[in-house]
Amino acid sequence: MLKTSTNGFASDVIDGERLLHRLRELAHIGATGDGGVTRLAYSDDDIRARSLVAEWLAEAGVKSRVDPAGNLIAHVVGRGDSRGALATGSHLDTVVRGGRFDGAYGVVASLEAMVHIVESKTPLWHDLVLVVFSNEEGANGTPGMVGSQVLCGFPVDVDQVDRAGVPLWKRIEDVGGDATALSEAVWAEDSIAAFVEAHIEQGPVLETERADIGVVTSITGRSNLDIRITGEQQHAGTTPMTDRCDALVIAARVIGEVSTLAREGVVRVATTGHITCSPNVWNVIPGLVNLTVDLRDEDDNRIAEATSRIHCLANELSTTTGASIDVRQGPQVPAVPMDHQLADCVSIAADQLALPSLHMPSGAGHDAQLIARIAPTTMIFVPSIGGVSHTPQEDSHDHHLVAGANVLLRSLRLMDQRVGGGDS
Ligand code: HGY
Ligand code: MN
Ligand code: MN
């Protein structure tokens with residue numbers, strides 16, 4: 001055991017060079033050529049990335065398996081007989097032209113922590129579980145966080161089809177899952193004593209405050225709406241302006257109002273990220289528009305207020321324009337606080353490594369916010385250069401990436417001592 005008198009572990013650090021090398025290797029899978037990555041859930045690239053992670057685990061003698069929900073899971077037995085395991089992990093799927101660290105960083109940091117514990121023969125008291133969650137982003141048209149939903153025992157509609165018209169059950173099968181056996185993937189009550197996810201911050205706070213580590217205190221609530229606007233498809237040259245029911249002009253009103261809701265402080269942020277226009281031809285007045293709305297706030301009541309204002313706007317526009325406007329509620333994920341005791345472990349770990357840390361909320365959504373509903377959970381952030389993410393320009397400094405992984409390793413050691421049935 002590498003203990004020292006300062007209650008720490010002298011040379012108990014991960015292999016930083018290998019972590020950075022592995023992040024670079026993953027970034028090649030689905031690379032878009034401009035520094036970004038498109039690795040949609042269940043795609044061949046997603047499967048390739050998961051196989052590479054499974055290979056790295058196998059090199060260290062750690063077996064992994066794909067559960068019925070398509071999550072890639074590795075399990076290392078601990079020294080003790082504590083009931084619940086410590087769990088860590090993140091996701092490998094990305095948005096379209098996303099960044100190379102969103103999700104991948106947490107997976108590789110968890111992998112390096114797990115492999116270090118195995119290779120240094122310094123096992124935890126608790127079992128240690130690593131999870132690569134399937135379909136966190138939902139970037140192919142099905143709601144995200146599918147793998148973590150199933151692990152928590154929340155319902156998932158596997159018959160829903162994605163933008164390519166493929167049902168979710170087929171996608172889950174493509175990565176080795178079995179949508180007819182999802183109940184077998186659900187984590188048993190108390191089987192997880194603590195969960196911690198390392199992730200890039202994806203925002204500007206840590207860089208602005210010159211902190212190396214973010215101790216996450218809460219994860220934002222989120223609500224997605226699907227809005228369908230049916231107007232009248234007509235000739236662009238012969239239809240008088242007074243006789244039009246132009247679905248795209250109406251959509252422009254909705255998009256402007258959605259943004260205003262956030263600018264006026266009704267909700268923290270509001271975004272229209274996806275739109276389709278039919279028939280999408282230069283000399284035809286659009287008859288049909290579909291768009292999505294993404295609302296976020298730490299207070300779910302404010303999200304509800306913004307949602308009701310959007311419903312009122314839709315009714316008003318329908319009356320004044322004659323268009324039919326259908327507002328359908330999509331996935332809703334409540335805001336969730338992180339566990340104080342686990343956050344303390346992250347704080348202490350950062351202090352022991354002499355890393356300036358900052359307690360902060362997460363504006364991005366994460367699988368951790370679902371896991372937090374069934375087990376004590378926290379997150380560790382590392383700074384994003386320029387605060388950008390979900391874009392090819394997403395980047396983080398090497399020393400922050402390595403430091404965050406060492407804070408993860410040390411946090412797991414501290415949690416191992418402090419969390420139920422831990423090491424005495
Ligand atoms: O949308 C999010 O915040 C996350 O990237 N899925
Ligand atoms: Mn993301
Ligand atoms: Mn992410």
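R171 and D162 are both buried, and in this predicted model they form a salt bridge whose closest N and O atoms sit 2.6 Å apart.

Another one to look up is D226 with R328, where the closest N and O atoms are 3.0 Å apart. This pair ties together distant parts of the chain: D226 belongs to strand β7 (residues 221-230) and R328 to strand β13 (residues 324-333), 102 residues apart. Neither end is buried here: D226 has a relative accessible area of 27%, so D226 is classed as partly exposed, and R328, at 47% relative accessibility, counts as partly exposed too.

Some of the bridges share partners, and in that way R18, R22, E59, E112 and E119 are joined into one network. Pick out the bridge between E119 and R18, with 3.3 Å between the closest N and O atoms. It spans 101 residues of sequence, from helix α3, which holds E119, to helix α1 (residues 16-28), which holds R18. E119 has 44% relative accessibility, so it counts as partly exposed. And E112, is it buried or exposed? Its relative accessible area is 0%, so E112 is buried. E112 also lies in helix α3 (residues 104-119), and once neighbours within four places in sequence are set aside, its contacts are I14, D15, R18, L19 and R22.

L19 leads us on to the nonpolar side of things. In soluble globular proteins, nonpolar side chains tend to be buried together. Here the largest nonpolar core has 60 residues, and L19, L26, V53 and Y105 are the ones with the most contacts inside it. Zoom in on V53 and you'll find it touching L72, L92, V107, L111 and V132, again not counting residues up to four places away in sequence. Apart from that core lies another, made of 28 residues that include I227, A247, A262 and L313.

L248, I255 and I275 make up a nonpolar surface patch, with about 210 Å² of accessible area together. Of these, I255 sits in helix α7 (residues 247-263) and is partly exposed, because its relative accessibility is 30%.

How many aromatic pairs are there? The count comes to 1. It is an edge-to-face pair, since the ring centres of F133 and F195 are 5.8 Å apart and the planes meet at 75°. The two residues are 62 places apart, with F133 in strand β4 (residues 128-133) and F195 in strand β5 (residues 192-200). F133 and F195 are both buried.

Last stop: the backbone. Most residues other than glycine have a negative phi, and most peptide bonds are trans. Against that background, M145 has a positive phi of about 60° without being a glycine. M145 lies in the loop between β4 and α4 (146-151) and is buried, because its relative accessible area is 2%. Q202, not a glycine either, has a positive phi of about 70°. You'll find Q202 in the loop between β5 and α6 (205-208), and a relative accessible area of 16% means that it is buried as well. Finally, the peptide bond between S278 and P279 is cis, with omega about 5°, and P279 is placed in the loop between β10 (275-278) and β11 (284-285).

How values were computed:
Residues are numbered from 1 along each chain as its sequence is written. Chains are lettered from A and ligands numbered from 1 in the order in which they are written. This is a predicted model: local features need pLDDT of at least 70, side-chain atom pairs count only at pLDDT 80 or more; totals for chains, interfaces and linings use all residues. Side-chain values use heavy atoms; hydrogens and water are left out. A nonpolar core is a set of buried Ala, Val, Leu, Ile, Met, Phe, Trp, Tyr and Cys residues joined through side-chain atoms within 4.5 Å. Buried means under 20% relative accessible area, exposed over 50%, partly exposed in between (1.4 Å probe, protein chains only). Contact means heavy atoms within 4.5 Å. Rings of Phe, Tyr and Trp (its six-membered ring) pair if their centres lie within 6.5 Å; planes under 30 degrees apart count as stacked, over 60 as edge-to-face and the rest as tilted. Helices (H or I, at least four residues) and strands (E, at least two) are DSSP runs, numbered from the N terminus. Patches are made of residues with over 30% relative accessible area and no salt bridge: like charges are joined within 9 Å, nonpolar side chains (Val, Leu, Ile, Met, Phe, Trp, Tyr) within 5 Å. Accessible areas come from the Shrake-Rupley method with a 1.4 Å probe; for residues, only the protein chains shown count as cover. A salt bridge is a side-chain nitrogen of Lys or Arg within 4 Å of a carboxyl oxygen of Asp or Glu.
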